[in-house]
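Thank you all for coming; I would like to walk you slowly through one structure today.

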Amino acid sequence: PVSGGGMPRCVELAWLCGRRLGDELGIPVFLYEAAATRPERKNLASVREGQFEGLRARIGSAPARAPDFGPPQIHPTAGATAVGARKFLIAYNVNLASNDVQLAKRIARQIREKDGGFKCVKAMGFHLADRDLAQVSMNMTDYETTSLPTVYEAIERLAGEAGVQPLESELVGLAPAAALPGDVARRI
C-alpha cells in the first residue's frame, strides 16, 4: 500500500488482477503474502520453491498444488505467475571492509529470520568480485518490524567481533522515507 485503502485494498486488487490473468489469459496464478489463500503460500520463496521446472512438475498434481486462478498447467508461452499484496520490500546491502565471504555468510545466517535472527529479514553473504569485498545482502520485508538501523547495528557488532567494520551500505531500488533513519529521511 502506498496511500489510501491500505492492505485490504491491495489484497482486493491482487485478487482482481490474479483472476483476470487466469480467466482472460489462461495463465496459472499463485497468490502470496497478504493475498495468499493458503498459509503455505504466504512466503513468495515457498511459492517459487523448485523454480520453474519444479512448478511445472507439480502444478495440478494435488488440490494443494492447484493455482489460485487459471488452469492447473503451465501456459505454453507465459509460464505461471505470482501475484501478491505486501509491504514494501527493501533491498539493502552492507559491504564489509574485508573480502571474507565466509564472514558475510555467517553474519547473514545470524541475522535472517529463518535461522532465528530478526523477523522479516532475508539475508545472504556474497563476494563482490569486482571490488573484492564481502557483502551481506538483505531483503527487508517489513521495515516497521525490523528497521534498517537495527540490522546495520547488528552487522556492525558481528563484523566487529571478527575485527572487521562495515565499509558502506546501500539501498537497491526504492524505499519509503519512513524506513530511513531520521537524519537521512529529513534530508529527502
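This is a predicted model: local features need pLDDT of at least 70, side-chain atom pairs count only at pLDDT 80 or more; totals for chains, interfaces and linings use all residues.

Glu12 has a relative accessibility of 41%, and therefore counts as partly exposed, a class that lies between buried (under 20% relative accessible area) and exposed (over 50%), with a 1.4 Å probe and protein chains only. Its partner is Arg9, which is likewise partly exposed, at 36% relative accessible area, and the two form a salt bridge whose closest N and O atoms are 2.8 Å apart. By salt bridge I mean a side-chain nitrogen of Lys or Arg within 4 Å of a carboxyl oxygen of Asp or Glu. Both Arg9 and Glu12 belong to helix H1, residues 6-25, where they are three residues apart, about one turn of the helix. The helices (H or I, at least four residues) and strands (E, at least two) that I name are DSSP runs, numbered from the N terminus.

Residues are numbered from 1 along each chain as its sequence is written, and side-chain values use heavy atoms, with hydrogens and water left out.

How many salt bridges does a search of the whole structure find? The search finds ten, and a second one of them joins the side chains of Asp68 and Arg41, at 3.2 Å from N to O. Asp68 sits in the loop between helix H3 (51-58) and strand S2 (81-85), and Arg41 in the loop between strand S1 (29-33) and helix H2 (44-47), so this pair ties together parts that are 27 residues apart in sequence. Arg41 is buried, with a relative accessible area of 6%.

Because Glu144 lies in the loop between S5 and H5 and Lys87 in the loop between S2 and S3, the pair ties together parts that are 57 residues apart in sequence. Glu144 is exposed at 56% relative accessible area, whereas Lys87 is partly exposed at 31%. Together with Asp142, these two residues are linked in a network of salt bridges.

Let me turn to the sheet. It is an open sheet of four strands in the order S4-S5-S3-S6, with antiparallel pairing, where two strands are said to pair if DSSP finds at least two bridges between them. S4 and S6 stand at the edges with a single partner strand each, so one side of each has no neighbour in the sheet. On average, neighbouring strands here are turned by 20° against each other, direction ignored. The antiparallel pairing of S4 and S5 extends over eight bridges, and Ala123 stands opposite Met138 in S5.

Which helix packs on the sheet, touching S3, S4, S5 and S6? That is H5, whose direction makes about 20° with that of S3; axes are lines fitted to C-alpha atoms, for helices over the stretch in contact, and angles run from 0 to 180 degrees between N-to-C directions. H4, for its part, lies across S3, S4 and S5, running at about 180° to S4.

H5 itself covers residues 148-161, and its 14 residues reach 20 Å from the first C-alpha to the last, close to the 20 Å expected at 1.5 Å a residue, the expected span being 1.5 Å times one less than the number of residues. Leu148, Val151, Ala154, Ile155, Leu158 and Ala159 are buried in H5. They lie on the same side of H5 because they cover an arc of only 130° around the axis, the arc being that of the directions from the helix axis to the C-beta atoms. What covers these buried residues includes strand S3 (90-96), helix H4 (101-111) and strand S6 (166-172), with contact meaning heavy atoms within 4.5 Å. On the face turned away from the buried side are the exposed residues Glu153 and Glu161. Just after H5, Gly163 takes a positive phi of about 80°.

I will close with two further backbone angles. Most residues other than glycine have a negative phi. Gln51, however, has a positive phi near 55°; Gln51 is placed in helix H3 and is exposed, at 60% relative accessibility. Asp132, also not a glycine, has a positive phi of about 50°, and its place is in the loop between S4 and S5, where Asp132 is partly exposed with a relative accessible area of 40%.
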